[in-house]
Amino acid sequence: MPNLHHLLLPVLSLMLITKTPAREGSNEDESQVPAYTLPNPLHPAGSSPVTTQTDWDSHGRPATLALFQKNLYGLTPPGPWKLKLETLSTKTDALKGKATRHLIQIRLADLPAWPGLQMLLYTPNAVTTPVPTFLCLSFGGNHAASTEPDLPLSDRWQRPAKEKHIVNNRATEASRGTESSRFPFELLIDRGYALATAYCGDLEPDHADGWKDGIRGALAPRVNPTDWTCIGAWAWGLSRMLDALETLPFIDSQHTAVVGHSRLGKAALWAGAQDTRFALVISNNSGEGGAALKYRHFGETPAIITKAFPHWFVPTYATYGPNPQSCPVDQHQLLSLVAPRLLYVASATEDLWADPKGEFLAALNAEPVFALYGKTGLTTPTQPAPDTPIGNHIGYHLRTGKHDITAYDWTQYLNFANKHWNP
Ligand code: GTR
């Protein structure tokens, strides 16, 4: 006769396998999503309705931007910025001779105390005309994005990560290449694109006091550091990288895509929403505070994100924790700020924390603003099956797999860019 333990153990372990409890306060059960009504992107809170392109340009877009400044990302200081660019090195036979590698230090001319950011740029050697560029930040630095051993190791603060061989918040030789699966440089080079990247920690180290050692601290007191946020600082840096690209004759800066994964996807969206020079804006698994709808109670919530990462947003955002629907703006409106430029949103099947369906629905509900410009968006109101990219002026795919940016994702972005830029 089996004892009680023998009977209970299989039952208990089965319960553990079948029901991984969602993190407190979050929901990952589609049947438990309460009803919600999204704000009308053509009638942003505090503004009059929009029916034409002129309306959107004169008051719809400014009002929507102001809502995101006030409630999420803060006010990015407008400049003008006088950059001091220094080419640190140029290697003409990078990536098996296929690319030229440029390492460019970007500083502010009137702020010599700020060490600036180091932009790593690969351009294809096979193309003799100016090339379009994909621009993105990295989580770990250029030495982590690339496997080339002769790149300088970043000496800036790093988030603790054993698997990335971070010791005392600093990169080590073993950290080289630890993010390289996310940066398929050769894939882009082979298709005639440049790829520019820099370490997000050059702009602001990713922790609650990081602002002191980043651009927000460096610009204080000229700019009040609490007027903007860490995501704002990262987005600001993406625009400065574009400023730098604009000075390079071998770059076609009119065709620049800003792309980001996860927290850096939130920054890419905020950069792309504000800076209309970005011709294509790509969100890869950016989730809550990025492309995912917060009115839809699924995955990460405003309460959870603002507790874990208070520095990413203005304090006002945390006040919507108990009731996200009290926030006067939702993320489809962030996506609508990309109109009439090109937008791409990507999700992953196992990335429930980022709410793949909420990301799709945000893209879908951004469409009315694109329609003002005669641009068709996703072309279907139904989320597509995994690994089936869709869309016209707004692209979307749901990749099979986990929270990540992979060669599959990049391939879709290249296909989308080619379709529009090089038909
Ligand atoms: C998580 C955070 C997400 C996402 C992610 C990432 O911890 O909850 O919003 O930003 O980090 O950046 O990988």
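**Before you start**

This is a predicted model: local features need pLDDT of at least 70, side-chain atom pairs count only at pLDDT 80 or more, and totals for chains, interfaces and linings use all residues. Residues are numbered from 1 along each chain as its sequence is written, and side-chain values use heavy atoms, leaving out hydrogens and water.

**Stop 1: the sheet**

Switch to cartoon view. Helices (H or I, at least four residues) and strands (E, at least two) are DSSP runs, numbered from the N terminus. Two strands pair if DSSP finds at least two bridges between them. Strands of a sheet pair through backbone hydrogen bonds, either parallel or antiparallel.

Here 9 strands form an open sheet, with mixed pairing. Trace the order: β1-β2-β3-β5-β4-β6-β7-β8-β9. Which are the edge strands? They are β1 (83–94) and β9 (394–399), and each pairs on one side only. On average, neighbouring strands of this sheet are turned by 20° against each other, direction ignored.

Now select 280–284 and 342–348. These are β7 and β8, which pair in the parallel sense over 5 bridges. Find L280: opposite stands L342 in β8.

**Stop 2: two helices**

Angles run from 0 to 180 degrees between N-to-C directions; axes are lines fitted to C-alpha atoms, for helices over the stretch in contact (heavy atoms within 4.5 Å).

Select 263–274. This is helix α8, lying across β4 (131–138), β6 (251–261), β7 and β8. Helix α8 runs at about 140° to β6. Next, select 356–365. Helix α12 lies across β8 and β9, at about 165° to β8.

**Stop 3: the cysteines**

How many disulfides does a search of the whole structure find? The count is 0, where a disulfide is a pair of cysteine sulfur atoms within 2.5 Å.

Select C230 and C200. The sulfur of C230 has its closest cysteine sulfur in C200, 7.2 Å away, so the two are too far apart for a bond. C327 is in no disulfide either; the nearest cysteine sulfur, that of C230, is 19 Å away.

Is C327 buried or exposed? C327 is buried (under 20% relative accessible area, with exposed over 50% and partly exposed in between; 1.4 Å probe, protein chains only). Its relative accessibility is 0%.

**Stop 4: the ligand**

- S262: 2.7 Å from a side-chain N or O atom.
- R263: 2.5 Å from a side-chain N or O atom.
- W353: 3.1 Å from a polar side-chain atom.

Conventions:
Polar contact = N/O pair within 3.5 Å; in protein donor to acceptor, adjacent residues only side chain to side chain.
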